[in-house]
Every structure is written in structure tokens, then in C-alpha cells.
Amino acid sequence: SVEESSNGVVRISEGQDEGRHYLGWAGMPPMSGKEKTLSIDVWSATVPILRFETLDGPDKYGRADVDLALGTVTPVTGIRNAQVRDLGKGWKRITLEYPASDNSFSLTVAMLSKEGNTDYRGSGRSIAATRPVLAERKK
């Protein structure tokens with residue numbers, strides 16, 4: 001189930017069903033010709049690893065796995081200079097950089113099973129996240 005609080009924080013809790021358990025944002029406006037930085041704040045006491053997937057037009061896909069417990073990011077494709085910053089009280093700020101595009105942008109934040117799978121039977125774990133912030137990359 002997904003709930004949004006009055007302060008804009010979105011929370012997803014796994015059900016017992018089989019499938020993907022994720023939050024998604026689509027149709028964010030393009031920043032034509034500019035390198036982009038995406039930041040999002042995430043909290044979870046039960047989900048150690050999240051998969052971030054970006055789509056910026058038909059051919060600009062990015063993916064990175066974020067280990068909240070260790071504070072590390074493993075970029076897989078299309079993402080650079082990714083980092084995790086501890087904000088305290090369990091909150092982490094994830095920052096990702098990726099190339100410019102003239103297309104609208106989408107982001108998916110998926111929970112991974114203990115085995116690292118995106119499709120699995122849920123067990124009641126949850127995450128909370130702020131809305132993503134997209135900005136021109138500072139040089």
C-alpha cells in the first residue's frame with residue numbers, strides 16, 4: 001500500500017503479494033541541454049537495499065543499487081557521481097548525476113528482496129521517501 005502525508009512524504013508498505021514493490025515518479029519536466037542532479041531523501045529501518053532506475057527519453061536509462069545500511073551506491077549504467085549522505089534519524093539523501101536530455105524524466109525506487117530480486121513476495125517491510133528534486137548539475 002502507498003500513503004502520502006501532508007508534508008509530501010510518500011510511504012510504501014509491502015503486501016503479501018508477489019511482484020515489484022516500488023515508488024515511481026513520471027513526467028518530471030526536461031532540463032534541455034543541461035547535466036542533471038537528482039536528490040531524494042529516503043528512510044527505512046527494514047529495507048537495506050533499494051534499486052534506483054531513471055528513464056530520460058527512449059534511450060537514456062540509468063540504474064544504481066543503493067545500500068542504505070552501508071551508505072554505498074553501486075552504479076550499474078547511465079549514472080555517475082552517486083552518493084549517500086546520512087541526514088540523521090534514519091534518513092539518507094541519495095544524489096545521482098546523469099547526462100542531459102530534452103525528454104521528460106521518470107524515477108523508480110524499488111525495494112529489493114534479501115536475495116537482490118525486484119520481483120518477490122512481500123513481507124510487510126516499508127520505506128518512506130520525499131519527492132525527488134531535479135536540478136541543473138553544479139560544475
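D67 lies in strand β7, which spans residues 61-67, where strands are DSSP runs of E with at least two residues, numbered from the N terminus. The structure is a predicted model, in which local features need pLDDT of at least 70 and side-chain atom pairs count only at pLDDT 80 or more, while totals for chains, interfaces and linings use all residues. Residues are numbered from 1 along each chain as its sequence is written, and side-chain values use heavy atoms, with hydrogens and water left out.

The protein chain has an average pLDDT of 87, and 91% of its residues score at least 70; pLDDT is the predictor's confidence in each residue, from 0 to 100.

D67 is buried and yet has no salt bridge, the nearest side chain of opposite charge being K92, 8.4 Å away. Buried here means under 20% relative accessible area, exposed over 50%, and partly exposed in between, with a 1.4 Å probe and protein chains only; a salt bridge is a side-chain nitrogen of Lys or Arg within 4 Å of a carboxyl oxygen of Asp or Glu. The side chain of D67 does, however, reach the backbone nitrogen of L70 at 2.9 Å. Beyond its neighbours within four places in sequence, D67 is in contact (heavy atoms within 4.5 Å) with P48, I49 and T72.

The salt bridges come to six by this rule, and three of them are set out below.

| Salt bridge | N to O distance | Location of each residue |
|---|---|---|
| R131 and E4 | 2.9 Å | R131: loop between β13 and β14; E4: β1 (residues 2-4) |
| R93 and D41 | 2.6 Å | R93: β10; D41: β5 |
| R51 and D65 | 2.7 Å | R51: β6; D65: β7 |

R131, at 44% relative accessibility, counts as partly exposed, as does E4 at 46%. In the second pair, R93 is partly exposed at 26%, whereas D41 is buried at 13%. R51, with a relative accessible area of 12%, is buried, and D65 at 17% also counts as buried.

The largest nonpolar core has 28 residues, of which I40, L50, F52 and I94 touch the most other members; such a core is a set of buried Ala, Val, Leu, Ile, Met, Phe, Trp, Tyr and Cys residues joined through side-chain atoms within 4.5 Å. Strand β11 supplies the largest share of this core, four residues. Leaving aside neighbours within four places in sequence, the contacts of F52 include I40, V42, I94 and L107.

How values were computed. Lys and Arg count as positive and Asp and Glu as negative; His and the chain ends are not counted. A polar contact is a pair of N or O atoms within 3.5 Å; within protein, one must be able to donate a hydrogen and the other to accept it, and residues adjacent in sequence count only if both atoms are side-chain atoms.
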